[in-house]
Amino acid sequence: MRGILRLAVAGMLMLAAGGIAQAEDALKAKIGVLRLSSSAPVFIALDKGYFKEAGLDIELKFFDAAQPIAVATTSGDVDFGITAFTAGLYNLAGKGTLKVIGGMSREKAGYPLIGYFASNSAYAAGLKTPKDLAGKRVAVTQVGSSFHYSLGLLADKYKFRLADVKVLPLQSLSNAAAALKGETVDAALLPVSTARPLMETNGAKLLGWVGDETPWQLGAIFASPKTLTSKPLVTKLLASLARADREYHDVILASVKNGKAEINDKTRPLFEIIAKYTNLPVEKVVGNCAYIDPDGKLDVKNIANQIVWLQEQGFVDKGFGVDAILAKEYVKAD
């Protein structure tokens with residue numbers, strides 16, 4: 001009996017040691033993200049254990065604007081960045097300090113993500129539609145941000161000069177929302193999750209959605225050249241995210257109607273995960289479902305157009321194109 005007991009204890013110790021060894025062998029990485037539903041697959045992959053199953057030990061670091069994520073990735077403060085394209089990101093990538101490795105959120109008709117919002121006083125004075133933004137004071141997070149680019153696309157569409165808009169870079173989403181509510185600006189471009197509390201309390205008026213006006217590839221996954229030297233890390237991370245991309249698309253996006261997803265037994269578990277990481281109740285998340293390609297593809301043609309536009313505006317250095325910023329061995333092109 002004692003011999004059997006000793007063997008059982010030894011077996012348990014071996015299993016425990018094996019578990020410790022596996023935990024120690026896990027590849028560690030930090031991901032920089034925003035607390036927005038546009039990063040839903042990241043939250044799903046972490047919470048459902050997809051990263052862990054792939055042998056990854058992932059830590060999320062949250063930011064309040066996209067550009068600081070690109071800077072943090074370059075400096076090594078995080079290993080991967082997952083957020084919207086910005087002029088700053090392109091400038092860093094053009095210098096070789098960042099590489100894009102996959103796609104994330106897109107502006108697409110029927111999937112509200114970034115909206116144009118008017119202050120109550122500006123709305124009462126005649127600011128009723130997106131094309132009325134010409135000549136107005138418009139808050140964005142930063143010069144060359146995704147919000148700024150969206151405004152530029154709108155100007156191109158409705159044939160008004162972007163230079164005629166007084167663009168106010170307020171550095172963060174919270175600052176832009178506060179300025180809109182306080183009516184120190186006429187309008188702002190904000191993600192739906194940030195703007196919804198303003199709409200629900202009559203603190204601002206919705207003018208329209210970027211995805212309905214000018215669809216484009218908004219977000220991506222990127223990393224520094226140093227991180228890319230670990231092929232197992234990059235491959236496992238992308239595989240885990242692709243698994244979550246497909247689940248998010250097939251479960252949540254498949255239920256979206258009139259800009260909102262359905263809450264049911266199938267979608268609720270994923271909504272609860274997204275709510276957990278975005279600090280929103282499930283009932284609010286249903287209207288914040290950004291479109292994400294089910295295979296994690298990147299609209300490379302659109303990225304090329306973004307670079308050219310930003311270079312023409314003087315926001316991005318000239319001398320490089322889309323091929324220079326992609327890690328082609330990882331990118332799934334659309």
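Let's start at Thr141, which sits in the loop between strand E7 (137-140) and helix H7 (146-158). Helices (H or I, at least four residues) and strands (E, at least two) are DSSP runs, numbered from the N terminus. The model is predicted, so to speak of local features requires pLDDT of at least 70, side-chain atom pairs count only at pLDDT 80 or more, and totals for chains, interfaces and linings use all residues. Residues are numbered from 1 along each chain as its sequence is written, and side-chain values use heavy atoms, with hydrogens and water left out.

**Two buried residues**

Is Thr141 buried or exposed? Thr141 counts as buried because its relative accessibility is 5%; buried means under 20% relative accessible area, exposed over 50%, and partly exposed in between (1.4 Å probe, protein chains only). Leu237, in helix H12, is buried too, with a relative accessible area of 0%.

| Residue | Relative accessible area | Contacts |
|---|---|---|
| Thr141 | 5% | Phe147, Pro169, Leu170, Gln171, Ser172, Leu173 |
| Leu237 | 0% | Ile31, Phe51, Leu56, Ile58, Phe80, Ile221 |

The side chain of Thr141 also makes a polar contact with that of Ser145, at 3.5 Å. Such a contact is a pair of N or O atoms within 3.5 Å; within protein, one must be able to donate a hydrogen and the other to accept it, and residues adjacent in sequence count only if both atoms are side-chain atoms. Leu237 and Phe51 are 186 residues apart in sequence, yet their C-alpha atoms are 6.8 Å apart in space.

**The cores**

A nonpolar core is a set of buried Ala, Val, Leu, Ile, Met, Phe, Trp, Tyr and Cys residues joined through side-chain atoms within 4.5 Å. The largest one has 106 residues, and Ile31 and Tyr248 have the most contacts inside it. Helix H12 (residues 231-252) gives this core its largest share, nine residues. Apart from it lies another core of 14 residues, including Phe117, Ala176, Ala188 and Val192.

**A helix pair**

Helix H4 (residues 67-75) packs against helix H5 (residues 87-94) at about 25°, with axes 8 Å apart. Axes are lines fitted to C-alpha atoms, for helices over the stretch in contact, and angles run from 0 to 180 degrees between N-to-C directions. H4 and H5 are therefore roughly parallel, a label for angles under 35 degrees. Gln67, Ala70, Val71 and Thr74 of H4 meet Gly88, Leu89 and Leu92 of H5.

How values were computed
Contact means heavy atoms within 4.5 Å. Angles under 35 degrees count as roughly parallel, over 145 as roughly antiparallel, 65 to 115 as roughly perpendicular and the rest as oblique. Lists of a residue's contacts leave out its neighbours within four places in sequence.
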